[in-house]
Amino acid sequence: MSQQVLWEVVKGNNAFLVKRNGLTLSTDPFNNTGVQTYSSTGFITNNAIGVVPTQAKVNQINNVNLVTRKSTKFQQADRKTKNTQSVYASTLSVKHGIHTASRVIRKRFGTRRLGLQKAALRKLVNLNRANAVRRRNEIAATKAQKK
Amino acid sequence: MTSVPLVSVFSADDSTKVTAKHIPLPAVFQTPIRPDIVSFVHTNIAKNRRQAHAVNPQAGMQHSAESWGTGRAVARIPRVSGSGTHRSGQAAFGNQCRKGRMSLPIKVWRRWHRRVNIKQKRHAAASAVAATGIVPLVLARGHRISQVPQIPLVVEDKIESYEKTTDALNFLKRFGAFEDVQKVVSTKVVRAGISKQRGKKYRVRKGPLVVYFNENAKLLKAFRNVPGVEVVNVTRLNLLQLAPGGQLGRFVIWTQSAFAHLDKLFGTYRYASVLKDGYQLLRPLLTNPDLARIINSNQVQEKVQPAKTTTVLHEVQKKNPLRNTKAMDRLNPYARKQRAAAIAAIKANTKGTKKIKKNKALKKASRAAFNKVSAALNDATNAAVQEEQDIKVKYFSVQKGAAQAE
């Protein structure tokens, strides 16, 4: 379905829309800017990447997931692949480091859509920074426990 | 338009198994999405379930109130006749009066229902069905479909024979629809307002809609106690269920025979509908609404003129040549020579003059004089201070002597 047509249907009201304090924001997982605009709303496209924080387990290196919006030919979830697939997205955990993750983002967007690419990378970096703090605290806590 | 022309039918017992690999999508799913028609039809059709109500026609009017007229220093509003009670002489009848009747009292014969043209209703229903097959729209409506194997979800007819709610629940769990049911359960709230005392205590979200075909199917009883789930026959598809609140994109679970029946119900683009007399599916205004694709297509790019290069006039920060020598030299190459000549001229002018040597002797003498003066000043101040002290001592000792004497 064309992004333009979907936008016309969805822009007025959708489940991710949050209007507060005069701001029009979005909780869309494929939106890396947080503001609802035509270009940043990823769930109406077929090639967005959402950088999503997850609940990190103890000793998990990273708590970020890349959720890739995908358009499959038959709108079917591919059960056979390892990555958690749904009808509209596949989830990749960032366990091989954010450099690999950033390559995924760069490859997806290429030279076009620099704004979206930068937004995704920025979010990835910020989440990673927060994650580093978490890991540091975790390690300190385990060290203290051992003592 | 999206090209999802084929759809798989899933086995009721195992969501990984597919009973029919690729069956063609009914033409309804290709109809244009018309939120304008849907919202118009929805607002009108939603009024049709209203029950008449009215205010008691005599309310506020059961008095023999009459206006006192002018000349009695009161407003001219009708006043309650009689005496012996507080109520007598109070204003009555008006909408502004306490205990008066409301303005324009509601009558039972208010026009509660709206009729909508059949064609509009049919176009709206078709559009709503099409929207149930588009994943972003179902997401936008707020359904939790991350575990659902396919949209539109078509399942074999076996579910029509479910009788037990446990079967229904397990089926929903298998197909990832239970997440939507859980959403319904967890967001059940007590309604705000007085309706909660009038039989509408809870506000409950909408979950999946199950559409079946065979009339003697038992699945209604199996599914009806699952919160949020609605069950409907294909022949009685309701816009109020397909697009609740006028919002397109309900999560629908079709049975195989219901899905196959849609072509007969709505017709295709080749043939008009069989069951809806004379109804032909709406044709889109644009066959290809994807603007980006159109712009980037070969046909358009061939005819388009080459992009103009934007020339920015002041790309670099402007430097002032009067203060910046390099900028000046760029503009006037001779400026360098002029500057050198000016410096040489200054040098030539000052060639004869000697440098003024500092007179050390003079400095020494002046410093000595200064020291002398400051020393004299110091002595003078010290002497004054000392004098003051002496006077003080003398004074206080005299006082002491005087005290002692006393």
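Trainee: In which helix of chain B is the place of B:Ser257?

Mentor: This is a predicted model, in which local features need pLDDT of at least 70, side-chain atom pairs count only at pLDDT 80 or more, and totals for chains, interfaces and linings use all residues. Residues are numbered from 1 along each chain as its sequence is written, chains are lettered from A and ligands numbered from 1 in the order in which they are written, and side-chain values use heavy atoms, with hydrogens and water left out. Helices are DSSP runs of H or I with at least four residues, and strands are runs of E with at least two, numbered from the N terminus. The run that covers residues 256–266 of chain B holds B:Ser257, and that run is helix H8.

Trainee: Does B:Ser257 count as buried or exposed?

Mentor: Buried means under 20% relative accessible area, exposed over 50%, and partly exposed in between, with a 1.4 Å probe and protein chains only. Because its relative accessibility is 16%, B:Ser257 counts as buried.

Trainee: Which residues is B:Ser257 in contact with, leaving aside its neighbours within four places in sequence?

Mentor: Contact means heavy atoms within 4.5 Å. With those neighbours left aside, the residues in contact with B:Ser257 are B:Asp157, B:Glu160, B:Phe213 and B:Asn214.

Trainee: How many helices and strands are there in chain B?

Mentor: Helix H8, where B:Ser257 has its place, belongs to chain B. The chain has ten strands, and its helices number 13.

Trainee: What share of the 406 residues in chain B is buried?

Mentor: B:Ser257 is one residue that counts as buried. Across the 406 residues of chain B, the buried share is 33%.
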